[in-house]
Amino acid sequence: MLNPFLKTEWLQEGRNIRFPLMIIFYNAILAFVMILFMVLNEESFQKGYYYNNSNYVYEFLIISSIHFIAVFLMMPFSVSRLFLADKENNMLDQFMMIPGISKQYVQAKIMLVLSLHGVIFISGLPILTLGCIYTGVSWTIVIRLAIMVLIYSFWAGSIAIFFFSIASKIIWGFVGTLFGQMIFGIGTIIAAGMLCNGSMIMNGGGEVSSSVSNLCLLLLLMNPLASYMGYFGKITGDTGMVSAFCNYMGIDASQKIFSFLFYKAAILTNILVGVAFLVLSVWYMEKRRRN
């Protein structure tokens, strides 16, 4: 049986003009960036300069990175719309009075988030395909990009759903979502750096202890930028930034086994973090129902 909340939300989004306008605005940005790159490179083509596709992979990286940026920036607005009517009409408190409804409610929200951002990504495929032809990037990169966009949507959507579920007002859910994303995106890097500096000072020899290195590695795995750096390295072949940061923490990143496992473990960690926030959302709603 189709989730009743999901069916209702789909009907509401299908009749709302905001989502089509969001798609138009999003694709306008992609098209503008793509045309800008083509105009900037026009002089090279007209004068017959040597054309090397490898010189333009960074342009494709910028175009594809817009998808990642859009997920993080649009997620608080997307989820706030899903909770706005329920919060204003006190429907969420009434839903929580029904036993077992919390799980269906959270499932509907995350499924709709994935659907909306999936449609947004698909709408930008023509421009992304043009970017592949223009820069010579393989179509397999587009598949990897699509998977990562869904993973990031799940991760960011789960965090947003949790904070909007526990917040008494929409504004606090919005602030909590931004704060949660910053904690994982920036806070983990700052925490890892502080732990490394503290370990160096305590040891006196300028070396990071193995326990601190392992803890810093765990913090990096929880950072969504870690899996993005794997995508960055796949396109450009440059992993120097990750290697330098890991070497600073006392982690040997030069071995192939590290590159093979680290980025995959980062993706898995992002999924597990998203699942954890969804479980916490259901737990909190059930707790409020029992009280």
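Predicted model: local features only at pLDDT ≥ 70, side-chain atom pairs only at ≥ 80, totals over all residues.
Biologist: How many helices and how many strands does the chain have?
Modeller: Read along the sequence, the pattern of the chain is α-α-α-α-α-α-α-α-α-α-α-α-α. The count for the chain is 13 helices and zero strands.

Biologist: In which helix is confidence lowest, and in which is it highest?
Modeller: The mean pLDDT of the chain is 80, and 86% of its residues reach 70 or more. Confidence is lowest, at a mean of 60, in helix α3 (residues 42-46). The highest mean, 89, belongs to α8.

Biologist: What share of the contacts between residues at least 6 apart in sequence join residues at least 24 apart?
Modeller: The chain has 291 residues, and 47% of them count as buried. Among contacts between residues at least 6 apart in sequence, the share joining residues at least 24 apart is 82%.

Biologist: Which residues is Phe-262 in contact with, leaving aside its neighbours within four places in sequence?
Modeller: With its neighbours within four places in sequence left aside, its contacts are Leu-217, Leu-220, Leu-221, Ala-226 and Val-242.

Biologist: What is the volume of the largest cavity?
Modeller: A search of the whole structure finds one cavity of 30 Å³ or more. The largest cavity has a volume of about 40 Å³.

Biologist: Which helix gives the most residues to the lining of the largest cavity?
Modeller: The lining consists of Tyr-26, His-67, Ala-70, Val-71, Met-74, His-117, Ile-120, Phe-121 and Val-149. With four residues, the helix that gives the most is α4.

Biologist: How do the residues of that lining divide into nonpolar, polar and charged?
Modeller: Tyr-26 and His-67 are among the lining residues. The division of the lining is seven nonpolar, two polar and no charged.

Biologist: Is Leu-272 buried or exposed?
Modeller: Leu-272 lies in helix α13 (residues 256-290). Its C-alpha atom is separated by 9.4 Å from that of Met-222, 50 residues apart along the chain. The relative accessibility of Leu-272 is 53%, and the cut-off for exposed is over 50%, so Leu-272 counts as exposed.

Biologist: Is Gly-193 buried or exposed?
Modeller: Gly-193 is found in helix α9 (residues 170-203). Cys-216 is 23 residues apart from Gly-193 along the chain, and their C-alpha atoms are separated by 8.1 Å. Because its relative accessible area is 15%, under the 20% cut-off, Gly-193 is buried.

Biologist: What is the separation of the C-alpha atoms of Gly-233 and Ser-259?
Modeller: Gly-233 lies in helix α11 (residues 224-236). At 14% relative accessibility, Gly-233 counts as buried. Gly-233 and Ser-259 are 26 residues apart along the chain, and the separation of their C-alpha atoms is 9.6 Å.

Biologist: Which residue with positive phi follows α7?
Modeller: Within helix α7 (residues 125-135), the buried residues include Ile-127, Leu-128, Gly-131 and Cys-132. Tyr-134 and Thr-135 of α7 are buried too. After α7 comes a residue whose phi is positive, near 80°, and this residue is Gly-136.

Key: Residues numbered from 1 in each chain as written. Heavy atoms only, no water. Contact = heavy atoms within 4.5 Å. 1 Å grid on protein atoms, 1.4 Å probe; cavity = no way out; pocket = protein on both sides within 12 Å on 5 of 7 lines; lining within 4 Å. Points joined across faces, edges and corners; volume = space filled by probe spheres on them. Helix = DSSP H or I, 4+ residues; strand = E, 2+ residues; numbered from the N terminus. Nonpolar A, V, L, I, M, F, W, Y, C, P; charged D, E, K, R; others polar. pLDDT = per-residue confidence, 0-100. Buried < 20%, exposed > 50% of the residue type's maximum accessible area, 1.4 Å probe, protein only.
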